[in-house]
Structure formats: C-alpha cells, structure tokens
Amino acid sequence: MTTSIIIPVYNTSATLGECVASVLAQTATDIEVVLVDDGSTDGSPALCDEWARRDNRVRVIHRPNGGLSAARNSGIEAARGDCLMFVDSDDTISPDTVEAVTAVLLADEACDMVEFAVTRVADGRAHDIFMPRRTVYDDMSRYWFMGRAYEHSYACNKAFRRRLFATLRFAEGRVFEDMELLPRLLRLCRRVCTTPRGRYYYRLNAQGITATATGSDMTSLLDAHLAVADGMLARADAAAPHDRRMRRAADRYYMHVLNIQIQCCMMCACRPQLGMRRVQVLHLPKQYIVKGVLLRLLGVGATCRLIRACKSVNYSK
C-alpha cells in the first residue's frame, strides 16, 4: 500500500528540514512525499526543490498562495497513493507512524480512517494531548460522542483511504477547516480505527490560528459545529433509552459547543445561535457543571450574556 504524505509549505524554512526528515525516516518504505509550496516568500521553495533532488520519493508543487486548505487540495489532486496523510511543515511524526496506520488498513478492508496519538511540543517540553487505545468504531455517532472525535478533529493525526476524497476537499478560504471536513468524511466512512502506535508531534505556534483566533474565526468554528450538532444529538438521543453513556457523552458534546458559543458572544457580541438542550447536570464533567446549572436556570442567551458581563468586570479591574 502506497502512502502519500502531503505537506503544505508556507514560509517555514526554519522547520521544514526537520519535518521532511521525519517523514523520509519512516520504517515503511512505500511512501511518497508531496511538498506543496503555497507561494512562500522565504527560502522554503528552494528547500523543497533540494529535497526533491536528494530523494526520488519527494515531489514538489509550486503554486500561488491560497491558504492551507487550497494547498492540501492541490496535494490531494497530485497524490498517487492508496492512503493519504497530512503533515504540517512545522511538525514531525515518529518513525513507525506510517507502518502502524497502513498495518491497520491492510488488516481491515472496511476501515477507512485510522487515528493515532498527538503530542504537543512547546518550549522544549512535550505534552501528550491525545493517546488512543486500539478501538474500532462501526457507528460514527459513537466515534463522535464516545470517542470525542470533535475534540481532536485534526487532519494531521489520521490516515485516510483515498476513496474518501473522491468527491470531498477541504473548504477553502475558511479557518478550522479540519472541523468542517471531518463530519463530511465520517458520512462516507464504513469504519474508523484508533491505534496506540505512531505519533504526531505538533509544534505549538504562537502565531497559529488556535493562538490568534478572532471572533470571526471562532464563529467559523461554531458554524462548523452547528451544521452537524442537531443531527448528531438527535441520533444520540434516539439511542439514549438503551445507552445512558451515549446520552451523557452527547451532553458533554453540547457543553463543548456551548463553550464555543460563549466565546463567540464574548469576542464579537453576536446573538447566540445554539439551541437549548436540557443537559443532565449531575453527570457533567466538573468543568461544565456551573455552566450547566446556569443553562438550566437561564437558557443559552442569558448564560452567554451573564458570563460575558462577568468577564468584562474581571478584565476592568
């Protein structure tokens, strides 16, 4: 099974070498690396070309700047592999990652997506932020809620069968594009598997979208959740009489989206769009209980306004 590893590149000459070296050091040998230079203005284009000269597994695409999604989409179009993976050019992967995910795909013809661990690296320190066990999900609702897929919707810690991208692409011109795409991919997935083998090392970027997100960016993230939340929650509620754990997991997801709604209201004073849900407060994780009580007493709009007012008072002191 050939694996195409797509690496979008934009002005990352300082980290590109380490990234590409980690990909070429894979224990799996049947790989191709597609470097997509997205109109870089530093030394990245020359570095991409140098890697292609040094290793015949590397191909380079130079394109005008169009953003991360556009670069990934160009890589998908050019990729020749049966399996697609994405690595950002300031990150790295452990040497066994491709071998681990392709082993899962080869062993299970129905598995369309494999997810593996993520470690965040900041100031020389590593912190594990997602450590999956070996799990198989045939029900995508269970993966979404019980596996908390919405908390780690990153494209970069997954391997996909190429067929998933026959008609799908990353949405261009928007942020949090991974979260927008994942539910659409899951509609096509027959099975999702997670594995404890392999590792994605995410380098915390102080200038990245998660660190510098604006109110408009957070609204984009909220919109991605609102597009799927009602349907996902309805399916969980339908299973609730027979599966209390699913109901509790659905409540947790709702509170996750409520947090995003609150952030949007705080950052751009917009009216809440999230509908009301009567969550079971006593079964919520500790970090959600206060907001859950406020939600039951006040509703979504008043909860957002109250928390926004309290934050404003704190910031003014």
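This is a short talk on the salt bridges in this structure.

Okay, so keep in mind that we're looking at a predicted model. Searching the whole structure turns up 24 salt bridges, and I'll walk you through three of them.

Let's start with E109 and R190. Their closest N and O atoms sit 3.3 Å apart. Where are the two residues? E109 is in the loop between α4 (97-107) and β6 (111-122), and R190 is in the loop between α6 (177-186) and β10 (191-203), so this bridge ties together parts that are 81 residues apart in sequence. E109 is exposed, at 56% relative accessible area, while R190 comes out partly exposed at 34%.

Next up, D128 and R199, with an N to O distance of 3.2 Å. Here again distant parts of the chain get linked: D128 is in strand β7, residues 125-130, and R199 is in strand β10, 71 residues apart. Buried or exposed, what do we have for R199? Well, R199 has a relative accessible area of 18%, so it counts as buried, the cut-off being under 20%.

Last one: R184 and E180, at 2.9 Å, N to O. This one stays inside helix α6, where the two residues are four apart and therefore separated by about one helical turn. E180 is buried, with 18% relative accessible area, and R184 is partly exposed with 22%.

How values were computed: Residues are numbered from 1 along each chain as its sequence is written. This is a predicted model: local features need pLDDT of at least 70, side-chain atom pairs count only at pLDDT 80 or more; totals for chains, interfaces and linings use all residues. Side-chain values use heavy atoms; hydrogens and water are left out. A salt bridge is a side-chain nitrogen of Lys or Arg within 4 Å of a carboxyl oxygen of Asp or Glu. Buried means under 20% relative accessible area, exposed over 50%, partly exposed in between (1.4 Å probe, protein chains only).
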